[in-house]
Amino acid sequence: MDFEEEPPPKEWGLDPFFFMFAKLYIKDILELKPSKLGRKIHFYKSHPVTKVEILGAVVFKQEREKFTCYGVDDGTGVIKCFCWKNSRQNKASDSGQSVGGLPMARQQQELQERSTLELGDLIRARGRVKTYREQMEISAYSYCKVDDPTLEVQISWMREVPRLYRKYYDKPCLGSSAGKRPGDTGSDGPLTLSKLVALMAEQLREFLRESKVSTFSLQDLETVDSLVSVACRPLESVPTEEEAEIAASNAKRVRHVFTHAAQKLEEEGLAFVKKCYPVKVYQVTVKDQELLRVTRQIILADCKLPHNADQGCHFLSVFRSVTERFRSVNKAALRQVLDALELSSDIVSSTGSHYVAF
């Protein structure tokens, strides 16, 4: 099957696009193809799109009794975004679930109630895409004015969206006929819960490496569309009753996948638990400046001791001292710290397990 062709309806639910708010360029939203079956669904290449999220400037505004129509320009095109004044849309969206199966934040409603958008203002909106008189438009579930004096939000958006296109949007959905080549029997086997956790751990490693995130909670991860789209992939095999129960609930599956992927990163030393209350917060190991500074100071002080004069400070000695201050740091995490310090020329490994600081 050609990647540009519309997949059969039975495969629509296999694609995370079907459930998520796709962060598409407005140009691509305007060019979405309606389904050949005449249903209220559109396609970006072979991906079924029902909901989108946009960020852009207001370039025109039309007030009506029941709604306000904003023209939103993201630099690639302009689209009409209908924002309803009554609570009908808000109640409908709040009674449902957002991406990842989590309830939509009520603060969003308060934001849009307080938002007075004028020409030139920056707007973020989420809503359903539809065709009216052969033109694409958005019926907003939620929207708000974005104050961005330092352009931080827009820069973050311009970094995230191209990456989403490169890694997900411009590739066929795995598991669909569009994503399979002739004769492909799936040598890696069906997608199970454990494989999904491993896949999420890989995506999470890349996300933390490319982003500026230094601390995160599971709740934070569940707001990142690119990660949630991976967690929402339907399982092809559920060998146990416990896995079947987890797979049956979208919210349970997302939380399970994120929890166990974070544990994998903790085991590898890429992150450690910073605090546990009121929610568990993870710290990206090599981005903890205090941990880096303390580790270097420990090595520097220990190297001055007579018995460390020749070879330097032993790894286990550093580990004991570091864990007195950072109790949740494991040996794998300390290895990450030592590698980072050596890379920056703050320390040198004199042997395989001894270090000298400068």
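I count two strands as paired if DSSP finds at least two bridges between them. Helices (H or I, at least four residues) and strands (E, at least two) are DSSP runs, numbered from the N terminus.

**Ground rules.** I am looking at a predicted model, where local features need pLDDT of at least 70, side-chain atom pairs count only at pLDDT 80 or more, and totals for chains, interfaces and linings use all residues. Residues are numbered from 1 along each chain as its sequence is written, and side-chain values use heavy atoms, with hydrogens and water left out.

**Entry 1: strand β5.** I looked up the partners of β5 (residues 51-63). β6 (residues 67-73) runs antiparallel to β5, with six bridges. Three residues lie between β5 and β6, and the two strands form a hairpin. I found E63 bridged to T68 of β6.

Next I checked β8 (residues 122-132), which pairs with β5 in the antiparallel sense over seven bridges. Here E53 has R126 as its bridge partner.

Then came β1 (residues 21-22), which pairs with β5 in the parallel sense over two bridges. F21 is opposite K51 of β5.

**Entry 2: residue I155.** Where does I155 sit? I found I155 in helix α4 (residues 152-169). I155 counts as partly exposed because its relative accessibility is 41%. The cut-offs are under 20% relative accessible area for buried and over 50% for exposed, with partly exposed in between (1.4 Å probe, protein chains only).
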